[in-house]
Amino acid sequence: MSDKKIAIFGSTGSIGTQALEILQNRKNLFDVDVLTANNNYEDLAEQVNTFHPSCVVLANQEHKKEFQELLNYTPEYLAFGQSALEEVAENHDYDLLLNSLVGFAGFMSTYTALKRRKKVALANKESLVVGGEIITNLPAFKEGYLVPIDSEHSAMMQCIEGESMESIQKIIITASGGPFRDYSAEQMKSITVEDALNHPNWDMGAKITVDSSTMMNKGLEIIEAHWLFNIPVEKIEPVVHPQSIIHSIVEFVDGSSKAQLGPPDMKVPIIYALTYPEREPYPNKTLDYSERMELEIRPVNFELFPCLRLAMNAAKEGGAAPAVLNAANEIAIERFLSKEIHYIDIPKIIESSLQNISTDKELTPDTLMSIDEETRNYANTLLK
């Protein structure tokens, strides 16, 4: 057992379950003290029965009765509803918050934890996409209390470690290109939900998988990198790398470059974030350099992937534009997954939202929530 406590927000998702697998094998790292989930009450109950956390939150109250019936261990604090997440982030005693919540819901947890000077291992893109300007002004962020879990940002961080920020000329962020990287514009018109959820390299949740297929995920990651490393968007270049072995490249002013490589396995950036600045031995998969290996890099076709261009433009505009981009994207994906709109309608809804929602407001947590709600309402009215 460890004397350090970890809170895992979104413990039943892909990142949360892999983090728990690591912690099951490395009990010296953290005591699993907080577990939360949104809908997946069955997996959460199994995790609670295995790890015996003192604090548990199930955000969706509809499953309260069924969830409690599955428990054979009773946590000291058991709560239901979205507001309970904020209560735990603000008041519970933990040393590290692993935030793998999906969507804007994760922003307040990151913000609250950093305000309390708690370390945050961040797998929630929207925290920095929506609230980067606010979060990067917090003293805890400036003192290095936030460590990214995204494979791309973990790669950047590992390449930058020991270097001065002034020596960075450019960051090259790699994208698999998703399942449609070789499609024609005509083929894009007939993409189904099933097509979009069939990612060639990574196993992720539905929302993130669709983001990968539209390359919006790369746009969101560019905004994240901009805030994480205080680097202009113009100095971050996306490229397509189908093998997902090079996770990012940092180019320096003397013409040299560093890249971080590895098989597509999220356990590497997870354990790096949990143990930073140290490295913990762990039997992750490694590359076999005795075998022939293809490493292909190609430019992005922005005509096929307009979501990426929209994200980069929103990042350059700044202010609340990324918040509008994010909220409109979340609604567009929800509507696509429910088969209410076509795949090619996703960027149309985002672009219309960016053109019609006012972003000229002072950025505070309250105004971000207001803009988020206004955008969602607007995006839901489009293409009815």
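Visitor: What volume does the second largest cavity have?
Guide: In this predicted model, the second largest cavity has a volume of about 80 Å³, where a cavity is a set of points on a 1 Å grid over the protein atoms alone at which a 1.4 Å probe fits but cannot get out, and volume is the space filled by probe spheres set on the points.

Visitor: Which residues are closest to its centre?
Guide: Val129, Trp227, Gly318, Gly319 and Pro322 are the closest to the centre of the second largest cavity, out of 13 lining residues, meaning those with an atom within 4 Å of a point.

Visitor: And which elements give two or more residues to that lining?
Guide: They are helix H6 (125–135) and helix H12 (216–229), helices being DSSP runs (H or I) of at least four residues and strands (E) of at least two; H6 gives the most, with 5 residues.

Visitor: How many cavities of 30 Å³ or more does the search find?
Guide: A search of the whole structure finds 2, and the largest cavity has a volume of about 90 Å³.

Visitor: Which residues lie nearest the centre of the largest cavity?
Guide: His247, Gln260, Asp265, Val268 and Pro269 lie nearest the centre, among the 14 residues that line the largest cavity.

Visitor: Which element gives the most to the lining there?
Guide: H8 gives the most to the lining of the largest cavity, with 4 residues, while helix H8 (151–160), strand S11 (257–261) and helix H13 (267–275) each supply at least two.

Visitor: How do the residues of that lining divide?
Guide: The lining of the largest cavity has 7 nonpolar, 6 polar and 1 charged, with Gly counted as polar; for the second largest cavity the division is 7 nonpolar, 5 polar and 1 charged.

Technical notes. Residues are numbered from 1 along each chain as its sequence is written. This is a predicted model: local features need pLDDT of at least 70, side-chain atom pairs count only at pLDDT 80 or more; totals for chains, interfaces and linings use all residues. Side-chain values use heavy atoms; hydrogens and water are left out. On a 1 Å grid over the protein atoms alone, a cavity is a set of points where a 1.4 Å probe fits but cannot get out, and a pocket is an open set with protein on both sides within 12 Å along at least five of seven lines; lining residues have an atom within 4 Å of a point.
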